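User: I have a structure open here and would like to go through it. Can we start with a term I keep running into?
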Amino acid sequence: MMVASGVSLATDAPLTLKLSRTLTLTPLESATRQDPVFFDADRLINLEDGSIQAEGNVSARTLGESLQADWLHYDPNADEVHAKGNVVFQRGEKRLDSTEIHLRLSDYIGESKSTQFVFPTRGGLTGHGYADKLLFVGRDHYQLEATTYTTCPVGNEDWALRTDNLNLDYIDK
């Protein structure tokens, strides 16, 4: 079952969709919450307050982002998503694998628990690691607690930073 949530204006160009399990995600800086969010799950429930609850093999996607989980609640009025169980959140080449994510999508404020992460760096390297808690503090800005971080290839980790707090800020200034 698939449901679309979002606003479309009559003046908008038609939105062409392509069903693909291997969709390449390219985040668009122009993407807004006016863009529709598409859901697929074993069970979808449209709640009285307008929010959506999805259970079993949940997939949610919008321009440049996707989220998979066992369970998800999306509140379009607050633009907040809460997902639990085998959570995978992708935005472009960034990927988070987590037990739970709570995120306000409009400004990327929220948190992720028990998170494996992969973040490409500007120098062509890929930073990756684990954090007990990852805080979203804006688009491309993260604060990690009880974390391990390295840019070494997986399986050949010559060095790793282990720290109680790490601030990763990928915002161009």
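User: What does "buried" mean here?
Analyst: A residue is called buried when its relative accessible area is under 20%. This is a predicted model, and buried residues make up 39% of the 173 residues in the chain.

User: OK. How many helices and strands does the chain have?
Analyst: There are zero helices and eleven strands.

User: Switching topic. How many cavities of 30 Å³ or more turn up in the whole structure?
Analyst: The search finds two. The largest cavity has a volume of about 120 Å³. Its lining has 14 residues, and those closest to the centre are Val37, Ala60, Thr62, Leu67 and Leu105.

User: Which strand gives the largest share of that lining?
Analyst: Strand 5, with five residues. Strand 2 (37-40), strand 4 (52-62) and strand 6 (80-91) are also among those that supply at least two residues each.

User: How does the lining of the largest cavity divide by class?
Analyst: Nine of its residues are nonpolar, two are polar and three are charged.

User: What about the second largest cavity, which residues line it?
Analyst: The lining consists of Phe89, Gln90, Arg91, Lys94, Arg95, Leu96, Phe119, Phe136 and Tyr142. The space inside comes to about 50 Å³. Strand 6 and strand 7 (94-104) each supply at least two of the lining residues.

User: Lys94 is charged. What does its side chain meet in a salt bridge?
Analyst: Lysine 94 pairs with aspartate 140, at 3.0 Å from N to O. The two are 46 residues apart: lysine 94 is in strand 7, while aspartate 140 sits in the loop between strand 9 (126-137) and strand 10 (141-150).

User: Are those two buried or exposed?
Analyst: Lysine 94 counts as buried because its relative accessibility is 16%, below the 20% cut-off. Aspartate 140 is buried too, at 13%.

User: How many salt bridges are there by this rule?
Analyst: Eight. One of them joins arginine 95 and aspartate 97, at 2.8 Å from N to O. Arginine 95 is partly exposed, with a relative accessible area of 30%, and aspartate 97 is partly exposed at 25%.

User: Which residues do shared partners join into one network?
Analyst: Glu65, Arg91, Lys94 and Asp140 are joined by salt bridges that share partners.

Methods. Residues are numbered from 1 along each chain as its sequence is written. This is a predicted model: local features need pLDDT of at least 70, side-chain atom pairs count only at pLDDT 80 or more; totals for chains, interfaces and linings use all residues. Side-chain values use heavy atoms; hydrogens and water are left out. Helices (H or I, at least four residues) and strands (E, at least two) are DSSP runs, numbered from the N terminus. Buried means under 20% relative accessible area, exposed over 50%, partly exposed in between (1.4 Å probe, protein chains only). On a 1 Å grid over the protein atoms alone, a cavity is a set of points where a 1.4 Å probe fits but cannot get out, and a pocket is an open set with protein on both sides within 12 Å along at least five of seven lines; lining residues have an atom within 4 Å of a point. Grid points are joined across faces, edges and corners, and a volume is the space filled by probe spheres set on the points. Ala, Val, Leu, Ile, Met, Phe, Trp, Tyr, Cys and Pro count as nonpolar, Asp, Glu, Lys and Arg as charged, and the others, Gly among them, as polar. A salt bridge is a side-chain nitrogen of Lys or Arg within 4 Å of a carboxyl oxygen of Asp or Glu.
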